[in-house]
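Visitor: I would like to learn how to read a protein model. Please take me through one step by step.

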Amino acid sequence: MTWKDHDLPVLKAIVQMADEGAVLIQPHQIVERLGMDPEDVRRSLAALAGERPPFFQFTDVTGSDSQSREIDGIHSPTGEARRIAGVWPAEILARKIVAGFEAAAETESDEEKRIKLKETAQFLSGAGWPVLIGAAGNAASTVTKL
């Protein structure tokens with residue numbers, strides 16, 4: 001079982017379901033949404049519930065006779081969960097900015113400009129990513145206050 005194949009899709013489903021209005025998310029709803037094996041979802045929820053900072057709030061319904069952790073009543077995904085799931089506004093905006101530079105480079109006929117646009121996209125998606133996220137976060141928070 002890997003993070004990318006099991007835990008991440010479960011986390012994304014939790015964030016999406018909460019964004020769609022679900023108040024308390026039950027494991028069976030995640031199973032239905034993803035078509036995953038219930039035991040895989042249970043293991044993923046147990047792993048995700050142990051993360052710090054936390055990804056969401058939940059009720060631990062592990063019984064004294066349980067052999068593994070049982071998570072139920074999942075709600076309130078955190079900003080960290082949204083960042084990891086890729087739906088945090090700053091990250092979405094930052095990805096769009098990088099994609100915009102990449103697209104501009106593809107259509108630019110001037111070789112020198114094309115190279116600069118590609119270099120800028122590479123910088124922003126690499127070493128410049130933290131700066132871009134900070135700027136995008138400031139821009140996103142300003143827009144949401146309007």
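**Reading the fold**

Guide: Along the sequence, the protein chain runs in the order α-α-α-β-β-α-α-α-α. This is a predicted model, and its secondary structure amounts to seven helices and two strands.

Visitor: How spread out is the protein chain, given its radius of gyration?

Guide: The radius of gyration is 20 Å, well over the 15 Å that the globule rule gives for 146 residues, so the protein chain is more spread out than a compact globule. The C-alpha trace spans about 70 × 35 × 25 Å along its principal axes. Of the 146 residues, 30% count as buried.

Visitor: Which residues of helix 1 are buried?

Guide: Start with the general idea. An α-helix has 3.6 residues a turn, so residues three or four places apart point the same way. Now the case here. Helix 1 covers residues 3-19, and its buried residues are His 6, Asp 7, Leu 8, Val 10, Leu 11, Ala 13, Ile 14, Val 15 and Met 17.

Visitor: What do the buried residues of helix 1 pack against?

Guide: They pack against helix 2 (27-34), helix 3 (38-49), strand 2 (71-75) and helix 4 (79-85). Just after helix 1 comes Gly 21, which has a positive phi of about 110 degrees.

Visitor: How do I describe a pair of helices?

Guide: Two packed helices are described by the angle between their axes and the distance between the axes. For helix 1 and helix 2, the axes come within 10 Å and cross at roughly 105 degrees. These two helices are therefore roughly perpendicular to each other.

Visitor: Which residues of helix 1 and helix 2 meet?

Guide: From helix 1 there are Pro 9, Val 10, Ala 13, Ile 14, Gln 16 and Met 17, and they meet Gln 29, Ile 30, Arg 33 and Leu 34 of helix 2. Sorted by class, this contact has seven nonpolar, two polar and one charged residues.

Visitor: At what angle do helix 5 and helix 6 pack?

Guide: Helix 5 (residues 89-107) and helix 6 (residues 111-125) pack at about 160 degrees, and their axes are 8 Å apart. That angle makes helix 5 roughly antiparallel to helix 6. The crossing of helix 5 past helix 6 is left-handed.

Visitor: Which residues make the contact?

Guide: Helix 5 contributes Ile 97, Val 98, Phe 101, Glu 102, Ala 104, Ala 105 and Glu 106. Helix 6 contributes Arg 114, Leu 117, Lys 118, Thr 120, Ala 121, Leu 124 and Ser 125. By class, the contact of helix 5 with helix 6 has eight nonpolar, two polar and four charged residues.

Notes. Residues numbered from 1 in each chain as written. Predicted model: local features only at pLDDT ≥ 70, side-chain atom pairs only at ≥ 80, totals over all residues. Heavy atoms only, no water. Buried < 20%, exposed > 50% of the residue type's maximum accessible area, 1.4 Å probe, protein only. Helix = DSSP H or I, 4+ residues; strand = E, 2+ residues; numbered from the N terminus. Contact = heavy atoms within 4.5 Å. Axes fitted to C-alpha atoms, helices over the stretch in contact; angles between N-to-C directions. Parallel < 35°, antiparallel > 145°, perpendicular 65-115°, else oblique. Left-handed = near helix turned anticlockwise from the far one by under 90°. Nonpolar A, V, L, I, M, F, W, Y, C, P; charged D, E, K, R; others polar. Rg over C-alpha atoms; globule rule 2.2 N^0.38 Å.
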